[in-house]
Amino acid sequence: MKKNILLWGAAVLVLASCGSKSSAVSATTTEPVETKSKPAVTVAKDVATDAGKAAYENHCARCHELFKPKEFTKEQWAPILVSMQKKAHLSDAEMAPITAYIYAQL
């Protein structure tokens, strides 16, 4: 009986985790979107910026106060980001959205 319940539970989890591909594609679309506050922007850029901002806030604020991206130039940020990546033990994949967010704000 327990085996059947576990098998059914696993099947439900597998089926529930299989979302439609259209939802993943729509989150990364690059078609221009008109908004009142901004002219045409790409949804992918906004999604990436939001992810980068969240990663910056989650990872970097653990150890110190967050710096505003415009406090430094791109040239000044480059060694800071390399140094902080090592100190925070972040992989390149974890660091990429943070770097993209910082550079997008300059």
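1. The secondary structure of the protein chain consists of five helices and two strands. Read from the N terminus, the elements follow the order α-α-β-β-α-α-α. Helices here are DSSP runs of H or I with at least four residues, strands are DSSP runs of E with at least two, and both are numbered from the N terminus. Residues are numbered from 1 along each chain as its sequence is written.

2. Now to confidence. The score to know is pLDDT, the predictor's confidence in each residue, from 0 to 100. The protein chain has a mean pLDDT of 73, and 57% of its residues reach 70 or more. Confidence is highest in α4, at 95, and lowest in helix α2 (residues 21–27), at a mean of 42. The pLDDT is below 50 over residues 9–30, a stretch with eight contacts in the model beyond near neighbours in sequence; a contact means heavy atoms within 4.5 Å. Where pLDDT is low, the predicted coordinates should not be read in detail.

3. Next, the inside of the model. Of the 106 residues in the protein chain, 14% are buried. Buried stands for under 20% relative accessible area, exposed for over 50%, and partly exposed for values in between (1.4 Å probe, protein chains only). Among contacts between residues at least 6 apart in sequence, 42% join residues at least 24 apart.

4. Which residues form the largest nonpolar core? They are Ala55, Tyr56, Cys60, Trp77, Leu81, Leu90, Met95, Ile98, Tyr101 and Ile102, ten residues. The elements that supply two or more residues to this core are α3 (43–60), α4 (74–88) and α5 (92–105), and α5 gives the most, with four residues. A nonpolar core is a set of buried Ala, Val, Leu, Ile, Met, Phe, Trp, Tyr and Cys residues joined through side-chain atoms within 4.5 Å. In soluble globular proteins, nonpolar side chains tend to be buried together. Leaving aside residues up to four places away in sequence, Leu90 touches His59, Gln85, Met95 and Ile98.

5. Tyr56 and Tyr101 make a tilted pair, with 5.9 Å centre to centre and 40° between the planes. This pair links distant parts of the chain, with Tyr56 in helix α3 and Tyr101 in helix α5, 45 residues apart. Both Tyr56 and Tyr101 are buried.

6. Phe72 and Trp77 make an edge-to-face pair, at 5.3 Å centre to centre and 80° between the planes.

7. Lys74 lies over the face of Tyr103, at 4.8 Å from the ring centre. The rule for a charge over a ring is that NZ of Lys or CZ of Arg is within 6 Å of the ring centre and within 35 degrees of the ring normal.

8. Gln85 counts as buried because its relative accessible area is 16%. Its side chain makes a polar contact with the side chain of Asp92 (2.8 Å). A polar contact is a pair of N or O atoms within 3.5 Å; within protein, one must be able to donate a hydrogen and the other to accept it, and residues adjacent in sequence count only if both atoms are side-chain atoms. Not counting residues up to four places away in sequence, Gln85 touches Leu90, Ser91, Asp92 and Met95.

9. Finally, see His89, in the loop between α4 and α5. Its phi is near 55°, a positive value in a residue other than glycine. Most residues other than glycine have a negative phi. His89 is exposed, with a relative accessible area of 70%.

Terms used. Heavy atoms only, no water. Phe/Tyr/Trp six-rings, centres within 6.5 Å; stacked < 30°, edge-to-face > 60°.
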